[in-house]
Amino acid sequence: MNQERSISLEWGGTIKYPARFTLVAAMNPCPCGYYGTDLCKCDERQVKKYQGKISGPILDRIDLQVEMSRLSTDERFAENESESSSAIRCKVEDARQRQSVRFQGAGILHNAAIPGGLVRELCKFSNDAFAHYRIKIEQNVLSTRSMDRLAKVARTVADLEASDEIGSEHIDKAASFVIGGLLREAF
Ligand SMILES: [Zn+2]
């Protein structure tokens with residue numbers, strides 16, 4: 001979340017203040033924590049009530065939603081095959097550099113800060129990807145905010161892969177973060 005907010009005061013003044021922060025939060029999918037597996041004992045009403053503690057408008061403002069599936073015993077004892085932090089740092093720095101070049105002189109710091117009206121122009125979709133983007137929006141009845149978020153996250157996925165254009169595969173990957181799975185299925 002990275003925007004300036006204004007508050008209109010009752011006596012006519014306006015205060016502007018920066019509202020840049022990173023929110024990282026975690027939750028269980030249901031009261032018992034096993035939703036999506038045979039072990040879950042919660043009924044549909046309990047799951048809906050539990051997940052309803054976070055309102056739709058709040059979820060709509062969280063850029064990336066990642067579902068963590070339960071690890072098997074083998075996976076827990078497996079060798080760590082993940083990329084090193086330094087390799088990931090290099091990728092992120094390269095992606096940030098691509099954004100700096102893209103937004104040079106535009107007063108935009110990074111993809112998340114692209115103003116709503118400039119999303120289509122600045123995100124650069126391939127023709128196929130733009131058609132795919134429209135289908136995702138329609139299928140998932142996305143709000144305008146979520147629709148823009150999907151494009152911006154796809155732009156970042158493409159930047160991390162050093163791609164000038166957003167492709168359909170970038171839309172799919174971004175959709176897994178933006179649209180979610182279990183949380184959405186429960187409603
Ligand atoms: Zn449960």
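Contacts between residues 24 or more positions apart make up 57% of the protein's contacts with a separation of 6 or more, where two residues are in contact if their C-beta atoms, placed from the backbone, lie within 7 Å. The model behind this figure is predicted, so local features need pLDDT of at least 70 and side-chain atom pairs count only at pLDDT 80 or more, while totals for chains, interfaces and linings use all residues. Residues are numbered from 1 along each chain as its sequence is written.

The protein has 9 helices and 2 strands; helices (H or I, at least four residues) and strands (E, at least two) are DSSP runs, numbered from the N terminus. In sequence order the pattern reads β-β-α-α-α-α-α-α-α-α-α. The C-alpha trace spans about 55 × 50 × 35 Å along its principal axes. Of the 187 residues in the protein, 17% are buried. A residue is called buried if 20 or more other C-beta atoms lie within 10 Å of its own, exposed if 12 or fewer, and partly exposed in between, with C-beta atoms placed from the backbone.

We can now turn to the core. In soluble globular proteins, nonpolar side chains tend to be buried together. A nonpolar core is defined here as a set of buried Ala, Val, Leu, Ile, Met, Phe, Trp, Tyr and Cys residues joined through C-beta atoms within 7 Å. The largest such core holds 15 residues, and those touching the most other members are Tyr133, Leu150, Val153, Ala154, Ile166, Ile171 and Ala174. Two or more residues each come from helix 6 (127-140), helix 7 (144-160) and helix 8 (168-178). Helix 7 gives the most, with 6 residues.

Axes are lines fitted to C-alpha atoms, for helices over the stretch in contact, and angles run from 0 to 180 degrees between N-to-C directions. For helix 7 and helix 8, the axes come within 8 Å and cross at roughly 125°. The two helices are therefore oblique to each other, given that angles under 35 degrees count as roughly parallel, over 145 as roughly antiparallel, 65 to 115 as roughly perpendicular and the rest as oblique. Helix 7 passes helix 8 in a right-handed crossing; a crossing is left-handed if the near helix is turned anticlockwise from the far one by less than a right angle, and right-handed if clockwise. On the helix 7 side the contact includes Leu150, Val153 and Ala154, and on the helix 8 side it includes Ile171, Ala174 and Val178. By class, this contact has 10 nonpolar, 2 polar and 2 charged residues. In this scheme Ala, Val, Leu, Ile, Met, Phe, Trp, Tyr, Cys and Pro count as nonpolar, Asp, Glu, Lys and Arg as charged, and the others, Gly among them, as polar.

Helix 6 also meets helix 8, with axes that come within 8 Å and cross at roughly 30°. That angle makes helix 6 roughly parallel to helix 8. Asp128, Ala129, His132, Tyr133 and Lys136 of helix 6 make the contact with Ser168, His170, Ile171 and Ala175 of helix 8. These residues divide into 4 nonpolar, 3 polar and 2 charged.

A further partner of helix 7 is helix 4 (residues 85-102), and the axes of this pair come within 8 Å and cross at roughly 115°. This crossing is right-handed. Here Lys91, Ala95, Arg98 and Gln99 in helix 4 meet Thr156, Asp159 and Leu160 in helix 7. The contact has 2 nonpolar, 2 polar and 3 charged residues. Helix 4 also holds Asp94, which is partly exposed, with 13 other C-beta atoms within 10 Å.

The loops deserve a look as well. Val141, in the loop between helix 6 and helix 7, has a positive phi near 45° although it is a residue other than glycine. Val141 counts as exposed, with 7 C-beta neighbours inside 10 Å. Ala162, in the loop between helix 7 and helix 8, is not a glycine either and has a positive phi of about 55°. With 10 C-beta neighbours inside 10 Å, Ala162 counts as exposed. Trp11 lies in the loop between strand 1 (2-8) and strand 2 (14-20), and is exposed, with 5 other C-beta atoms within 10 Å.
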